[in-house]
Amino acid sequence: MHNWENPAIIGRGRLAGRAHFFPYPTEKLARQFDRSASPWFKLLNGTWQFSYAPTPAEANATQWNELPVPSCWQMHGYGKPHYTNVQYPFPVDPPRVPTENPTGTYSREFGIDAEWTGKRIFLRFEGVDSAFYVWVNGREAGFSKGSRLPAEFDITDYVRPGTNSLVVRVYQWSDGTYLEDQDMWWLSGIFRDVYLLARPTTYIADLRIHAPATGKLEVETTLDGPTHGFKVETILLDCPGQPRLWSAEDPQLYTVLVTLKDPLGHIVEVIPQRVGFRTVEIKGDKFLINGVAVKLKGVNRHEMHTDLGRAVPLEAMHEDLRLMKQHNINAIRTSHYPNDPRFYDLCDQYGFYVIDECDLETHGFCLLKDWVGNPTEDPQWEAACVDRMERMIARDRNHPCIVMWSLGNESNFGCNHLAMAARARQLDPSRPLHYEGDYSLKTADVYSRMYPPVQDVITIGRDTEEEILAKLKLPGTGYAGKPFVLCEYAHAMGNGPGGLTEYWDAIYQYDRLMGAFVWEWCDHGIRQRTADGREYFAYGGDFGDEPNDGNFVCDGLVFPDRRPSPGLLELKKVIEPVKVEKIGSRCRIHNRYDFINLDHLELNWNITVDGQITQAGTGAMPVVPPHESREFELLYDPPAGNAFLNLSFTLAGDTLWARRGHEVAWAQFELSTAGGSGVPAATGPVIKLTDSPTTVELSNSFLAFSFDKVRAVITNWNSLLHTGPRLNFWRATTDNDRASWGVDQDATRWRKAGLQWLQHRTDRVEVEHTGNVVTIKARVRIAPPVFNHGFHCEYTYTITGNGAVHIEVHGVPYGELPATIPRIGLQLTLPGTDATVRWFGRGPGEGYRDTKQAQRFGWWTATLDELYTPYIFPQENGNRTDVRWVEFPGFRVTGVENFSAHRFTTMDLEKARHTTDLVPLDFITVNLDHAHHGIGSASCGPGPWEQHRLKPTEFRFTVRLQPV
């Protein structure tokens with residue numbers, strides 16, 4: 001049996017796991033925290049020689065090319081990226097893997113300087129996928145598995161002064177692959193840093209730092225080599241008194257220097273570490289940090305770069321964390337493996353609570369009966385499972401950002417989880433354990449769920465143990481006695497997620513609910529270009545990878561290039577740390593921070609009337625302790641018209657993650673309204689009417705109007721329309737409508753009911769004419785082929801002499817329609833290829849009935865490009881909601897609550913699979929919608945909440961088109 005197919009062999013020649021640190025010869029250099037400043041560090045990243053073979057047997061390395069390290073070889077044309085969510089991409093026969101096991105051989109030379117003579121030399125790989133051998137100067141130095149964990153080898157006896165050769169052979173598949181079935185691209189190679197370290201003969205092999213909120217610092221070191229007469233000294237810098245505690249809101253770090261001295265008192269080496277004093281504990285059903293019950297406002301984050309795969313550069317990590325902080329996110333689950341070690345340094349500095357997750361997922365076994373063969377339930381795999389937990393904790397336990405260890409993800413539950421949990425508690429009893437798959441709570445210290453409906457969350461937060469067990473039919477006990485976390489919720493695939501407000505209303509209401517982590521942070525699309533140079537992002541299947549799970553890999557809050565999606569803006573608003581209520585002439589501010597007051601924020605306010613600022617000021621921020629509220633009064637003159645009070649809370653100074661003036665939170669209150677418009681008055685000159693069996697022609701000095709009596713549709717209105725408005729009930733289905741893994745597959749029901757094929761039949765048209773008013777009533781039946789259900793509808797057009805068109809729409813559904821429908825509205829088209837649109841309503845961005853909190857009322861202007869959201873997989877997008885009026889070139893529309901405008905038809909969006917499939921047309925499709933079905937997150941989770949579902953009931957609405 002090959003070593004790469006033997007779970008009993010988890011490594012050869014590999015050193016035990018240790019904390020991540022770098023040695024320096026002096027305290028001065030150590031304080032820089034710059035590994036490149038240490039003369040004992042040599043980075044081996046760069047261009048290596050590379051030979052690719054389709055199988056291990058053919059990896060003879062006779063033909064060499066160049067490949068950057070770190071990188072994923074599929075991103076450079078070797079093999080192809082392959083995406084699956086759950087399913088293994090090869091026959092399941094653990095621990096065996098296919099004969100066709102792509103193998104990459106890497107080669108380079110490195111120098112050993114004279115200054116390193118007499119020192120111990122270590123070679124460290126921070127991440128290699130999946131298993132690999134190492135040869136130094138032709139001699140085998142080691143073997144390792146565990147793709148997202150470091151592998152370190154003592155190569156002292158293998159190197160010589162001067163030039164040395166290094167060869168690494170990497171296997172795409174190994175028995176370890178069965179433990180690494182995470183929802184992501186299958187990518188291979190040396191994808192993290194590779195470097196050498198020179199250490200003294202006696203050196204600090206490992207150190208453990210414990211810095212609780214009591215302020216008592218404990219440092220435990222492990223020495224290797226002769227130790228007689230050596231001593232270790234520890235210095236805590238820049239802390240003259242009681243230390244300030246670390247939290248995500250105030251990530252105070254101190255520097256600890258751990259110095260090894262020889263028997264003569266000379267410095268042998270210095271290890272610097274950043275330390276944050278904090279305590280994590282669970283008391284009863286509350287999750288506490290520094291004694292305070294906190295709310296984790298989290299995201300799940302994979303390591304992924306649109307051009308580089310999992311070889312994520314340091315600056316990209318900074319970019320992710322800055323964006324998260326700017327959008328009020330305070331927690332990260334490293335789904336589903338330990339991240340690059342530098343990422344945790346940044347989380348310490350920026351301030352994030354991290355669930356550090358073991359590199360263990362065996363999800364594909366769920367497709368087999370009873371999870372047969374699942375490694376987590378097989379004692380022969382215990383060493384392999386426990387090894388991954390040990391190495392993660394050993395590497396990461398000195399980081400204050402890490403508040404929980406996770407035993408992995410979606411691996412069912414077995415004896416090896418028990419062993420992993422026991423070993424974790426031995427290595428680090430200071431942190432609780434998380435594992436969502438522990439449904440009976442045998443190891444987990446917190447109760448964790450994925451994608452429950454909000455009513456279940458309320459039940460868990462509010463009810464007694466007996467009530468929880470009765471309502472949710474759970475397999476164990478103790479659920480009410482533990483904190484509850486949503487380790488995944490709000491699946492952010494495409495347009496969405498919807499329904500965030502209801503989740504967070506519950507989380508804030510009940511102390512037992514400790515927070516939630518959106519799935520997930522980024523779309524994993526891989527940047528590609530068409531033959532003519534147009535950019536798009538590829539997903540499963542685009543590389544001929546079979547089987548695959550399509551665009552399920554694109555389910556993030558940011559696009560692959562890190563542009564924020566509307567979903568991220570919605571999340572920022574819902575979880576913002578300042579909430580304001582208006583009570584009469586006073587405002588009540590709620591501080592939702594857990595540790596800090598609001599003195600780092602400035603309050604700016606203004607009043608807008610009809611889109612113009614009429615009054616403004618800067619308010620003094622009241623002193624509001626965390627978790628408390630205070631009232632204050634703003635003095636302003638009562639306005640008239642469409643008036644809003646706007647409050648903005650911005651940073652009072654620069655931070656690591658944003659400049660002064662960055663908006664952290666905002667609030668808006670409507671003060672007065674100018675009212676709406678009803679049926680148009682009979683104004684303007686007399687209308688000339690020409691009525692024939694097929695058309696109605698109307699005209700005067702303000703009006704040129706044609707109506708097709710056969711099809712019951714306007715064919716001309718002052719040359720402003722390409723085609724006139726008709727009822728529309730279909731939308732280009734969203735990822736959440738299609739519900740890949742969710743329970744509410746609305747799109748399936750809609751298609752089965754034929755709603756995408758609706759046909760219009762005209763039953764009767766009546767025309768009345770009185771001077772400068774013409775009324776046209778058209779009764780129509782709108783229904784799909786095949787079935788005997790649909791809508792009986794009536795349009796009443798009132799056209800006045802001033803050119804205005806008033807359309808009253810009434811509809812009554814009949815037959816067995818599905819429980820929900822996509823939309824109710826009018827669709828028309830405009831001539832031309834571009835337009836600037838103005839509106840009064842929520843904006844400036846996209847919003848739907850359950851995704852509109854981030855959009856504030858105002859007077860907005862946008863181009864067609866700005867009204868379009870380019871989701872990786874085209875779908876319904878760009879809706880503006882709670883609209884009072886909207887203006888297109890030449891006319892204003894009132895009476896509808898939603899509108900969108902695109903260069904593509906609804907069916908263009910429905911049929912497209914990538915943005916580059918969409919070809920701009922020579923007309924503009926406009927939707928004027930009375931109502932929309934909610935968005936929800938049924939791509940993997942629940943659909944829209946009941947109050948956001950659009951049901952096929954009788955409807956009536958009125959739209960006015962007015963020339964301007």
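I take buried to mean under 20% relative accessible area, exposed over 50%, and partly exposed in between, with a 1.4 Å probe and protein chains only. By that scale I recorded Glu670 as partly exposed, with a relative accessible area of 41%.

**Basis of the entries**

The model is predicted, so local features need pLDDT of at least 70 and side-chain atom pairs count only at pLDDT 80 or more, while totals for chains, interfaces and linings use all residues. Residues are numbered from 1 along each chain as its sequence is written, and side-chain values use heavy atoms, with hydrogens and water left out.

**Entry 1: nonpolar cores**

I looked up the nonpolar cores, each a set of buried Ala, Val, Leu, Ile, Met, Phe, Trp, Tyr and Cys residues joined through side-chain atoms within 4.5 Å. The largest has 157 residues, and Tyr489, Trp521, Leu647 and Phe649 have the most contacts inside it. Apart from this core lies another, of 61 residues, which includes Leu727, Cys793, Val893 and Leu950.

I then listed the contacts of Trp521, a contact being heavy atoms within 4.5 Å. Leaving aside residues up to four places away in sequence, Trp521 touches, among others, Val299, Asn300, Arg301, Asp320, Leu323 and Met324. Gly556, Leu557, Val558, Arg562 and Leu568 are also among the residues that Trp521 touches.

**Entry 2: salt bridges**

I counted a salt bridge where a side-chain nitrogen of Lys or Arg lies within 4 Å of a carboxyl oxygen of Asp or Glu. The count comes to 74.

I examined Lys42 and Asp113, whose closest N and O atoms are 3.9 Å apart in a salt bridge. Lys42 lies in strand S2 (residues 41-43) and Asp113 in the loop between strand S6 (103-112) and strand S7 (120-125), so the pair ties together parts 71 residues apart in sequence. For these labels, helices (H or I, at least four residues) and strands (E, at least two) are DSSP runs numbered from the N terminus. Lys42 is partly exposed at 22% relative accessible area, and Asp113 is partly exposed at 37%.

I next noted the salt bridge of Arg124 with Glu126, at 3.2 Å between the closest N and O atoms. Arg124 is buried, at 3% relative accessible area, and Glu126 is buried, at 2%.

I returned to Glu670, which meets Arg884 in a salt bridge of 3.3 Å, N to O. Arg884 sits in the loop between strand S52 (856-863) and strand S53 (885-888), Glu670 in strand S40 (residues 663-672), and the two are 214 residues apart. Arg884 is partly exposed, at 29%.

**Entry 3: an open sheet**

I traced an open sheet of 3 strands in the order S18-S19-S20, with antiparallel pairing; two strands pair if DSSP finds at least two bridges between them. Strand S18 (231-236) and strand S20 (267-275) are the edge strands, each pairing on one side only. S18 and strand S19 (residues 254-261) pair over 6 bridges in the antiparallel sense. Glu233 has Thr259 in S19 as its bridge partner.

**Entry 4: a helix pair**

Which residues of H2 and H3 meet? I recorded Leu314, Met317, His318, Leu321, Arg322 and Lys325 in H2 against Arg342, Phe343, Leu346, Cys347 and Tyr350 in H3.
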